[in-house]
Amino acid sequence: MANCAHCGLEVGPASAAGPDFCCRGCQAAYALVRGMGLDQYYTRRCIDPTQPPLRPDQEAGPIDFEPHVRVGEDGVAALHLMVEGMHCAACVWLIESLLGRQPGIVEGRLNMTTRRLVVRWRSDENNANAILAPLQAVGYRLLPYDPQRLGREAERHEKELLRAMAVAGFAAGNVMLFSVSIWAGDDGSMDWATRSLFHWISALIALPAVVYCLRPFARSALAALKSGHTNMDVPITIGVVLTAGMSLWETIVGGRHAYFDAAVSLLFFLLIGRYLDSRARGRARSAAEHLLSLGATVVTVLEPDGTRRLLPPDQVAPGATVLAAAGDRIGVDGTVIDGQSELDTSLLTGETMPSPATPGTAVFAGSLNLSAALRITVTAVGESTLLAEIVRMMEVAEQGRARYVAVADRVSRYYAPVVHLLGLFTFIGWEVLTATPWQVALLYAVSVLIITCPCALALAVPVVQVVASGRLLRQGALLKSATAQERLAAVDTVVFDKTGTLTIGRPELLPGDWDEDDLRLAASIAGASRHPVARALLRACPDIPVAAGVREIPGCGLEWEDIRLGGRRWLGLRDDSGQQAGPELFLDRPNRPPLRFAFADQPRPDAVEVVATLKRRGFRVELLSGDRAVTVQAVADAVGIERWQAGCRPADKCARLTELAEQGRKVLMVGDGLNDAPALALAHVSMSPSTAVDVSQTAADIVFQGHRLAPVLEAMTVARKAHSLVRQNFGLALVYNLFTIPLAITGMVTPLIAAISMSTSSVVVIVNALRLSRGRLW
Amino acid sequence: MTNLLMLIPVALVLGAIGLVAFLWALKSGQFEDLDGAANRILFDYDDPPGKEGDHDHAGRKS
């Protein structure tokens with residue numbers, strides 16, 4: 001089958017735009033791109049299957065970008081946008097070229113990593129909507145955002161780390177130059193004056209660098225001490241400050257125990273780890289930031305005088321009349337006053353069967369209007385909608401999780417006091433038991449603190465995390481939270497949601513007692529409708545031309561000549577389905593008994609395998625769904641889950657998770673719907689597919705891409721492996737300390753021994769972590 | 001000893017030049033889009049035939 005020349009999707013036989021295009025929108029977009037002389041785009045691009053296809057959305061309401069434009073004093077207007085639908089570098093080129101060809105543009109620059117677009121233009125020559133119209137016509141979705149509100153904190157922190165890393169690297173390199181000379185001359189070939197000069201130069205380089213680079217650590221250490229506990233940064237800060245101080249003292253008195261190289265190279269190593277760690281999470285963060293974007297959804301408000309206005313949902317007053325077109329997601333809570341349609345509420349409830357909507361039906365924000373336009377009187381907006389209620393439940397649940405303490409900080413709680421006591425005992429021991437002067441005893445005590453300097457300990461966790469999240473990124477799973485991996489490793493129970501998580505989340509045709517001809521006839525009629533069930537029928541039989549002259553009767557079905565395709569009620573059939581699950585369609589021909597086409601939401605292709613593997617590895621697997629018992633049972637049986645619960649509201653899911661937590665179980669929650677968001681936030685750790693609603697992706701610790709469930713398994717495997725590597729690293733650091741601490745206590749450490757042993761321990765830890773990056777794990 | 005007096009400042013100045021260059025690159029935003037920069041060199045932002053204008057290089061400037 002041919003693929004659309006523009007979006008690359010398969011061209012359905014029903015296409016109104018000929019054999020080369022899947023829809024008129026793509027045809028127009030292709031003409032636009034060619035007309036601009038930019039058709040190289042099509043030969044250069046490569047389509048990224050994890051991104052939404054580049055398909056102009058014909059039903060989307062126009063977004064007014066003007067309110068988001070900032071005009072500067074020099075008359076240059078600026079607009080910041082988030083771009084959805086970007087596939088590869090060719091998209092960057094296309095977008096920038098499309099922008100560049102418009103009058104008045106000063107700058108149009110798309111950041112490929114963060115998918116953020118900045119457009120600047122002279123405000124007297126053009127306006128935002130005209131500039132962005134071609135991009136929308138080609139199929140990119142543009143979401144305006146406020147750069148002030150977004151990720152500034154994290155970005156600034158990351159830049160600070162990078163700057164500190166550069167300074168530390170410079171200092172470490174240069175100080176090492178002098179230290180190596182000093183070590184080489186340690187046999188007496190270097191005179192006192194030269195050594196002293198080298199020490200002074202080292203001090204001149206190292207001390208400013210230490211002051212500058214220690215800030216990120218010192219800040220975090222002070223914050224921890226203020227709140228009355230300790231973290232890994234406390235021993236690091238104390239260690240580096242003591243090393244620098246003691247080295248300076250030795251330099252002043254002309255001694256040989258100057259450890260400037262140790263102080264700065266320790267900072268350099270640690271900053272590399274910190275920076276990579278923060279960068280790995282930055283990617284996941286930017287994926288979840290869409291929630292913050294402004295004006296992503298608009299509501300069409302019908303004014304009393306009959307005019308229409310587009311408003312963001314929070315500006316709509318209760319009592320106003322809102323128009324929801326077929327295919328729109330409804331942005332408000334309200335009551336239907338006019339229109340006959342069906343609503344897909346699966347995001348809110350997990351229920352897969354569309355529910356009918358007639359005048360008087362209550363509708364909730366987040367439902368999808370399927371078949372015909374509805375007029376709705378608004379009863380609640382923004383903060384008081386069901387949707388906002390769910391978000392609030394989620395926030396409450398999330399507070400509990402903030403109390404989790406990272407494993408590195410837990411270790412340092414025991415580690416720091418032990419080391420500091422050791423230092424103290426060393427000093428007291430030398431003073432009491434021998435006749436050494438107090439300066440020398442102090443030197444030995446400080447060298448205990450330096451040699452146990454938590455270099456390996458502080459690297460043990462971040463290095464493993466960076467390697468693990470890199471591996472998971474390649475598998476399509478993004479880690480959002482710093483401690484997600486540690487929490488994931490402790491999981492013993494996996495709870496799945498049904499719709500959209502275990503299943504694909506759209507109906508598929510089931511086998512029934514119809515033959516090929518019946519299917520072809522039904523599909524040719526169904527091709528005229530956008531209703532999900534009709535689309536499913538068409539998917540089952542794709543190469544069928546659409547019958548001409550099909551009439552769609554909203555909320556009922558389709559009519560073609562004297563043949564009708566539609567629901568049970570419309571065709572006047574007796575309800576004999578009883579408990580039969582799933583949506584259905586009937587084909588009614590004159591003088592023939594009506595034929596039933598049944599549909600069901602199918603499990604993901606590898607769901608059975610993933611559940612079986614989880615059970616084999618000894619996890620307890622449960623299914624919690626808001627759908628009806630029959631449907632849930634069918635899916636549970638299909639994938640092999642024995643413990644399931646149907647008809648769960650968001651609060652019920654939370655209750656079940658709390659119950660499991662009280663039994664001492666660590667639960668991984670996998671879910672995608674709005675109704676899962678509170679449970680996702682409450683669970684010990686949570687994952688959600690990238691097709692999930694924004695709220696759920698924000699609540700989840702890990703977001704995975706693609707149509708398969710395998711990333712769940714992969715993430716758990718990597719997390720367990722990472723956990724064991726972290727433990728090994730701590731073990732290695734401990735072994736290293738067992739060897740070096742006696743040396744330090746007995747005063748046998750020289751600067752060379754300190755430098756060699758400390759860098760060896762760091763390298764050993766890093767190499768051990770790198771084992772995670774390749775190879776099979778289980 | 002005299003060669004030390006020359007070599008040490010030279011080594012330090014060279015290192016400092018590298019550091020300053022890096023900090024300048026960081027400040028001017030060159031590390032903000034590493035993926036984009038790697039791919040950008042493969043595309044030309046030339047004018048379309050028969051169309052001249054001073055705005056056409058917008059994508060490349062800045």
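A residue is called buried here if 20 or more other C-beta atoms lie within 10 Å of its own, exposed if 12 or fewer, and partly exposed in between, with C-beta atoms placed from the backbone.

Residues are numbered from 1 along each chain as its sequence is written, and chains are lettered from A and ligands numbered from 1 in the order in which they are written.

**View 1. The two chains and their confidence.** Chain A has 25 helices and 27 strands, and chain B has 2 helices and 0 strands. Helices (H or I, at least four residues) and strands (E, at least two) are DSSP runs numbered from the N terminus. The mean pLDDT (the predictor's confidence in each residue, from 0 to 100) of chain A is 80, and 86% of its residues reach 70 or more. Over residues 290–296 of chain A, pLDDT stays under 50, and the model has 22 contacts there beyond four places in sequence. A contact is a pair of residues whose C-beta atoms, placed from the backbone, lie within 7 Å. A friendly caution: where pLDDT is low, the predicted coordinates should not be read in detail. Of the contacts in chain A with a separation of 6 or more, 68% come from residues 24 or more positions apart.

**View 2. Where chain B meets chain A.** The contact takes 27 residues from chain B and 29 residues from chain A. On the chain B side, α1 (2–27) and α2 (34–40) each supply at least two residues. Of these, α1(B) gives the most, with 8 residues. The side of chain B that touches chain A divides into 15 nonpolar, 7 polar and 5 charged residues. In that tally, Ala, Val, Leu, Ile, Met, Phe, Trp, Tyr, Cys and Pro count as nonpolar, Asp, Glu, Lys and Arg as charged, and the others, Gly among them, as polar.

**View 3. The nonpolar cores.** A nonpolar core is a set of buried Ala, Val, Leu, Ile, Met, Phe, Trp, Tyr and Cys residues joined through C-beta atoms within 7 Å. The largest has 154 residues, and those with the most contacts inside it are A:A168, A:A206, A:A263, A:V264, A:L267 and A:V464. Helix α24 (residues 710–745) of chain A gives the most to this core, with 14 residues. Leaving aside residues up to four places away in sequence, A:V264 touches A:A168, A:A171, A:A172, A:V175, A:A206, A:A209 and A:V210. Apart from this core lies another, of 43 residues, among them A:C22, A:M82, A:A89 and A:L94.

View 4. The 13 residues of α21(A) (residues 650–662) should span 18 Å at 1.5 Å a residue, and the end C-alpha atoms are 19 Å apart, which agrees. The expected span is 1.5 Å times one less than the number of residues. Buried in α21(A) are A:P650, A:K653, A:C654, A:L657 and A:L660. These residues cover an arc of only 120 degrees around the axis, so they sit on the same side of α21(A); the arc is that of the directions from the helix axis to the C-beta atoms. The face turned away from the buried side carries the exposed residues A:E659 and A:E662. Just after α21(A), A:G664 takes a positive phi of about 85 degrees.

**View 5. Helix α1 of chain A.** Buried residues of α1(A) are A:G25, A:C26, A:Q27, A:A29, A:Y30 and A:V33. These buried residues pack against α2 (40–44) and α4 (128–138) of chain A. Just after α1(A), A:G37 has a positive phi of about 75 degrees.

**View 6. A:N591 in its loop.** A:N591 is found in the loop between β21 (584–588) and β22 (595–603) of chain A. Its phi is near 65 degrees, a positive value in a residue other than glycine. Most residues other than glycine have a negative phi. A:N591 counts as exposed because it has 5 C-beta neighbours inside 10 Å.

**View 7. A:Q602 in strand β22.** A:Q602 lies in strand β22 of chain A and counts as partly exposed, with 18 C-beta neighbours inside 10 Å. Not counting residues up to four places away in sequence, A:Q602 touches A:T503, A:I504 and A:E508.

Conventions:
This is a predicted model: local features need pLDDT of at least 70, side-chain atom pairs count only at pLDDT 80 or more; totals for chains, interfaces and linings use all residues. Two residues are in contact if their C-beta atoms, placed from the backbone, lie within 7 Å.
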